[in-house]
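Here is a short report for a reader new to this structure.

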Amino acid sequence: MTKEEPDLDTLNRRMDGAVEVLRKELQGLRTGRASASLLEPIMVPAYGSELPLNQVGTISVPEPRMLTVQVWDRGMVKAVEKAIRTAPLGLNPSVDGQLIRVPLPELSQERRNDLVKVAHKYAEQARVAVRNVRRDGMDELKKLEKDGHISADDVAIWADEIQALTDRHVQTINQLLESKEKDITTV
């Protein structure tokens, strides 16, 4: 009987990926200060596919409450404006040639609450992704046991390892959410 082990490194890398996606999504939620990362997750229909906004123009922060997007291709200006307007960020861009100005309005308490809800939704998606990776790891354990590569005792030990990995990543997700929630609700 050969002894095989589940690949914890791959599981850890996949869980880290879910946490990184959450970090990027949370950066896109505004906290009252202008940040170029606010517009980065916005996808623009361009050239027959969906491209991130930063691949069709330059995002800059000329003032604390203003973002600008210098669109490289004149034909993409309308698509970029529409993508910013329809994103769930509550922004109202104005076009000036190939430059799109995006003023950031003061956050009302209602808007802050909406942003907190969006942050919670992002965090839950990340938790689900981490749990799916855990499920894949557990399935791999069951398969190794069924094929006779590891014993039932080893399955219990590895299952605890996978659960500890999952718990660590969920705790990181919760900390990121808590930090972002504090950023959003601080006036």
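Which residue in S6 is the bridge partner of Leu 67? The partner is Val 102.

## Basis of the model

This is a predicted model, in which local features need pLDDT of at least 70, side-chain atom pairs count only at pLDDT 80 or more, and totals for chains, interfaces and linings use all residues. Residues are numbered from 1 along each chain as its sequence is written, and side-chain values use heavy atoms, with hydrogens and water left out.

## The sheet

An open sheet is formed by 4 strands in the order S3-S4-S6-S5, with antiparallel pairing. S3 and strand S5 (94–96) are the edge strands, and each pairs on one side only. Two strands pair if DSSP finds at least two bridges between them.

Helix H2 (residues 77–86) packs on the sheet and touches S4, S5 and S6. The direction of H2 makes about 15 degrees with that of S6. Such angles run from 0 to 180 degrees between N-to-C directions, with axes fitted to C-alpha atoms, for helices over the stretch in contact.

Buried means under 20% relative accessible area, exposed over 50%, and partly exposed in between (1.4 Å probe, protein chains only).

Strand S3 (residues 57–63) pairs with S4 in the antiparallel sense over 5 bridges. A hairpin of 2 residues joins S3 to S4. Glu 63 stands opposite Met 66 in S4.

S4 also runs antiparallel to strand S6 (residues 99–103), joined by 5 bridges. Here Gln 70 stands opposite Leu 99 in S6.

## Gln 98 in the loop

Where does Gln 98 lie? Gln 98 sits in the loop between S5 and S6. Gln 98 is buried, at a relative accessible area of 19%.

Beyond its neighbours within four places in sequence, Gln 98 is in contact (heavy atoms within 4.5 Å) with several residues, including Val 69, Gln 70, Trp 72 and Val 77. A polar atom of the Gln 98 side chain lies 2.8 Å from the backbone oxygen of Val 71.

How values were computed:
A polar contact is a pair of N or O atoms within 3.5 Å; within protein, one must be able to donate a hydrogen and the other to accept it, and residues adjacent in sequence count only if both atoms are side-chain atoms.
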